[in-house]
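These are my notebook entries on a structure that was new to me. I set down what I looked up, entry by entry.

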Amino acid sequence: MATYIGFLRAVNVGGRSVPMADLRGLLAEAGFAEVETYIQSGNVRVGSRARSATKVEKLLEKAMADALGFDVPAIVRTPRELANLVESAPTSPLGAGARHYVAFLRSRPAASAVTELDGWDIDGERLTLAGRDLHLWFTKPSHEAKATNARIEKIAGTVATSRGWKVVSALAERWG
C-alpha cells in the first residue's frame, strides 16, 4: 500500500466546515488506510492501493463529495515529493524577512504561464515555480497580495491550494 499526502482546497473556510475527526472517518470508510490529518486546514495523509497521485486525487474528491455534499478539490503529493520540495526550496528573492508560502498545483502550467509566474514582479511579492509547486514570498500581509489563489489558478490553468512554509515544513518532517 502506497502513502499519499493530500492538500484539500477550501476546507474549513467560507462555511465549508469539516471537522478533521469526521474527515478521517469518512476517508477510512471510503477505503483509505492509516488516515491522519494535520491541523484544521485540510492536510491529510492516506494509504491507498491506487498507483498514482492522480487516481488518489479522484478517489479523495469522490469520497468527500459523496459524504459532504459539496466538492473539495484535492491535490496529492507523495512523501518523497514533499520532502524534495522542502529540501530544494529556493531562497527568498525578497530577503530573510519575507513570508514564504507554497501553492500546490494539480498540474504543471503551460510554458506561457510559467513565464508569467516566474516573472511576477509586484512590489512586495515574488513567485518561483518548481515543477508543480509555486513558491510565494510576501513582504506585505498576504490578504493585500495580488498573487491570490484565484489569480494563480487563472494564470496556471489548474487547481491550486496554498499553505504557509511553516506548515509545509512540518508536514515534510512528519510525513515526508
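How closely do the axes of H3 and H6 come, and at what angle do they cross? I found that the two axes come within 9 Å and cross at roughly 130°.

Before going further, I noted that this is a predicted model, in which local features need pLDDT of at least 70 and side-chain atom pairs count only at pLDDT 80 or more, while totals for chains, interfaces and linings use all residues. Residues are numbered from 1 along each chain as its sequence is written, and side-chain values use heavy atoms, with hydrogens and water left out.

**Entry 1: the helix pair**

I recorded that helices (H or I, at least four residues) and strands (E, at least two) are DSSP runs, numbered from the N terminus. Axes are lines fitted to C-alpha atoms, for helices over the stretch in contact, and angles run from 0 to 180 degrees between N-to-C directions. H3 and H6 are therefore oblique to each other; angles under 35 degrees count as roughly parallel, over 145 as roughly antiparallel, 65 to 115 as roughly perpendicular and the rest as oblique. I then listed the contact residues (heavy atoms within 4.5 Å). H3 contributes Pro 79, Leu 82, Ala 83, Leu 85 and Val 86, and H6 contributes Trp 165, Val 168, Ser 169, Leu 171, Ala 172 and Trp 175.

**Entry 2: the sheet**

I next looked up an open sheet of four strands, whose order is S2-S3-S1-S4 with antiparallel pairing. Strands count as paired if DSSP finds at least two bridges between them. S2 (33–38) and S4 (74–77) are the edge strands, each with a single partner, so one side of each has no neighbour in the sheet. From one strand to the next, the twist averages 25°. Between S2 and S3 (residues 43–48), I noted four bridges in the antiparallel sense. Ala 33 stands opposite Gly 47 in S3.

Both helices of the first entry lie across this sheet's strands. H3 (residues 79–87) lies across S1 (2–8) and S4, at about 60° to S1. H6 (residues 165–175) lies across S1, S2 and S3, at about 150° to S2.

**Entry 3: positive phi**

Which residues other than glycine have a positive phi? I noted Glu 34, with phi near 45°, and Ile 39, with phi of about 50°. Glu 34 is placed in S2, whereas Ile 39 is found in the loop between S2 and S3. Glu 34 is exposed at 55% relative accessible area, and Ile 39 is partly exposed at 43%. Here buried means under 20% relative accessible area, exposed over 50% and partly exposed in between, with a 1.4 Å probe and protein chains only.

**Entry 4: aromatic pairs**

How many aromatic pairs does the structure hold? I found two. Rings of Phe, Tyr and Trp (its six-membered ring) pair if their centres lie within 6.5 Å; planes under 30 degrees apart count as stacked, over 60 as edge-to-face and the rest as tilted.

Phe 7 and Phe 104 are stacked, at 3.9 Å centre to centre with 10° between the planes. This pair links distant parts of the chain, with Phe 7 in S1 and Phe 104 in S5 (residues 99–105), 97 residues apart. Phe 7 is buried at 1% relative accessibility, and Phe 104 is buried at 0% relative accessible area.

Tyr 101 and Phe 138 have ring centres 5.5 Å apart and planes at 45°, so their pair is tilted. Tyr 101 in S5 and Phe 138 in S8 (residues 133–138) are 37 residues apart. I noted that Phe 138 is buried at 4% relative accessibility.
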